[in-house]
Amino acid sequence: MSRRAVLFAALLAIAAAVPALGDVYYTRFATQIAIYGMAALSVDLLLGYGGLITFGQAALFGVGAYAAGMLTAAGVTDALIVWPAAALVAMVFALVIGALALRTSGFQFIMVTLAFAQMVYYGGQSLRAYGGDNGFTVTRNTLAGAAVLGDHVVFYYVVLALLIAVVFVASRIVNSQFGLVLRGGRDNERRLAAIGFPPYRYKLAAFTIAGGIAGLAGALMANHASFVSPALMSWQMSGELLAMVILGSAGTLIGPVFGAAIYLVFAQMLSDYTEHWMLFFGPLLVLRVLLVKDGLWGLLVRLTRAGEAPAPPLDWSAETAGGAE
Amino acid sequence: MSFPLFLEQLFNGIQLGMMLFLMAVGVTLVFGVMRIINLAHGSMFMLGGYFLVTALAATGSTLLGLVLALALSIVVAVVLEIIVLRPLYARGPLDQVLATFGLTLFFNELVVVIWGREPLSLDIPEFLEGHVELLPGLSYPVYRLAITGVAIAAGALLYLLINRTRIGALIRAGSEKREIVAALGVNIGLLYTLVFALGAALAALAGMMTGPLLSIESGSGDPILILTLVVIVIGGIGSVRGALAGGLIVGIFDTFSRVLLPQLLGLTAGSGLTSMAVYVLMAAILVYSRTGLFAANRG
């Protein structure tokens, strides 16, 4: 077994043991981590493998939450229908947003995804029937007709199982030929196009898949919080998802789940200490970016393979990212 | 829509457009010269308003207050540039957006600590109160005309600065080939600080002037920042002309869609839905041109 697999198994064991602590608070906190981890993973799929810096993933997260909440409010209450439907709706949104945003690259892509996310945010605000700016409460979905998801432990294990499934599927995707093409586009789009792979289609497919994952996470969030509001789609949320990916390290799929855990535990600790925790978190994010040049993963790679001088996992220099030259 | 109403909305649109232009110039110059995307630009807009409230209270004079608030904004900008922005120039876009996003979180909380969570309000200076009758049936607030005038004046000064002065020549040269500019013995670090401070001052000025029209509160710069990014996507990044054209297009389009859409669609003025119109415009322009309207010719 590789070291990575051992690590993964150990983490899984820890995650599975959380409800054994016997405190609902921890179980709910772990549920939250798993949900944000799933959303952050969807960002990593684009960022780490496609080189696409999306500052709008919260919109798709929110669309999934709204779709789940609205379906539930309309009387379709079973998770087996609601959750896939929420993911599907988010995929449709991602397809449309991606089709437009992917016409641009580099800095413009960041701005365009941010702008479209804001548009979706305003869309959520305008839904007067669903509370407008204040949002609306959602009752928990049933699972195959049984009202078992109200139990925090059961819900946690369902979320955890889905997260594992998503990690598995995502790692199959990035290791497939599709994933190879995606990474090829990240590294050099022109060469990729020259050997017959139109990068746009592959990036759009990845954007849509990532949207579906974010949408599923959103549906879970609607259940977890029993509440949906436009705040889920705010630009801060998109920024936080990106920060989670970077805290954990991009291009690893499992890293962002760590990142979500680090972020949420940290936020919780700081907010226990002061209500103005953002005052400290903002500068910490700046320091993290300034001091650790190529991410924790890059740091690990450098530490474990000293002397080998491995290529950094990702090249974020402005030159390769395109920009508007 | 009657003609006076049309004209009134057109003026409102131009006023919003010029404010967006002041914002967009900073983002686009900083990108053009330093190749950095600064998400903390909205914070400068917000801080401008807060600084003005404090400066007015401290000096009791509109003019002195404005000067003091502008000076404060410039000091903050210079400190930011030296401490945070400089190390970011060599980094990729991801590091840049994350670090400047972190700054936004910091400033949004800092103003709560200093000025409290309650929104502050600014009064219109006495000599700019009241309305002026532009046409029979069209009386327009003096203040809005005044700030539009100031923004146009600032734009004209900027034009002279960029096209007629040595600093402007360096800025233009820097946005073409900054390595060559540095190699010619120009203090490129100083130039960067200058460009950043200039952009921040214009953003702060926009924040001060719109202070009496909007409320000054934590996060009030964020929606303006995102609208500014739309302006830049539409106008083309790195182009001052694009910032002006994009600002006016977005300002006028947004103003009219807020008036007309509720009438056309029979909405009960759903503010969210009318806010979306401008993004639809952006999508349409992206279909027409990937790089915005003025990207090719910077300057």
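1. Helices and strands in this note are DSSP runs, a helix having at least four residues and a strand at least two, and they are numbered from the N terminus. With that convention, and bearing in mind that this is a predicted model, chain B reads α-α-α-α-β-β-α-α-α-α-α-α-α from its N terminus on, which comes to 11 helices and two strands.

2. On overall dimensions, the C-alpha trace of chain B spans about 60 × 50 × 35 Å along its principal axes. The radius of gyration of chain B is 19 Å, and this agrees with a compact globule, because a globule with 299 residues would have a value near 19 Å. Of the 299 residues of chain B, 52% count as buried. Among the contacts in chain B that link residues at least 6 apart in sequence, 76% join residues at least 24 apart.

3. The two strands of chain B deserve a separate look. Strand E1(B), residues 131–135, and strand E2(B), residues 138–141, pair in the antiparallel sense over four bridges, and within this pairing Glu133(B) stands opposite Ser139(B) of E2(B). The two strands form a hairpin with two residues between them, and Gly137(B), which lies in the turn, has a positive phi of about 90°. E1(B) is hardly covered, since the count of buried residues among its five residues is zero, where a residue is called buried if 20 or more other C-beta atoms lie within 10 Å of its own.

4. Among the helices of chain B, one packing pair can be described in detail. Helix H1(B), residues 3–34, packs against helix H6(B), residues 166–176, at an angle of about 60°, and their axes are 6 Å apart. On the H1(B) side the contact is made by Leu29(B), Gly32(B) and Val33(B), while H6(B) supplies Ile171(B), Gly174(B) and Ser175(B).

5. The last point concerns the contact between the chains, which takes 42 residues from chain A and 43 residues from chain B. On the side of chain A that touches chain B, the elements giving two or more residues are helix H5 (106–125), helix H10 (235–248) and helix H12 (278–291) of chain A. Of these, H5(A) gives the most, with 14 residues.

Notes:
Residues are numbered from 1 along each chain as its sequence is written. Chains are lettered from A and ligands numbered from 1 in the order in which they are written. This is a predicted model: local features need pLDDT of at least 70, side-chain atom pairs count only at pLDDT 80 or more; totals for chains, interfaces and linings use all residues. Two residues are in contact if their C-beta atoms, placed from the backbone, lie within 7 Å. The radius of gyration is taken over C-alpha atoms; the globule rule is 2.2 Å times the number of residues to the power 0.38. A residue is buried if 20 or more other C-beta atoms lie within 10 Å of its own, exposed if 12 or fewer, and partly exposed in between; C-beta atoms are placed from the backbone. Axes are lines fitted to C-alpha atoms, for helices over the stretch in contact, and angles run from 0 to 180 degrees between N-to-C directions. Two strands pair if DSSP finds at least two bridges between them.
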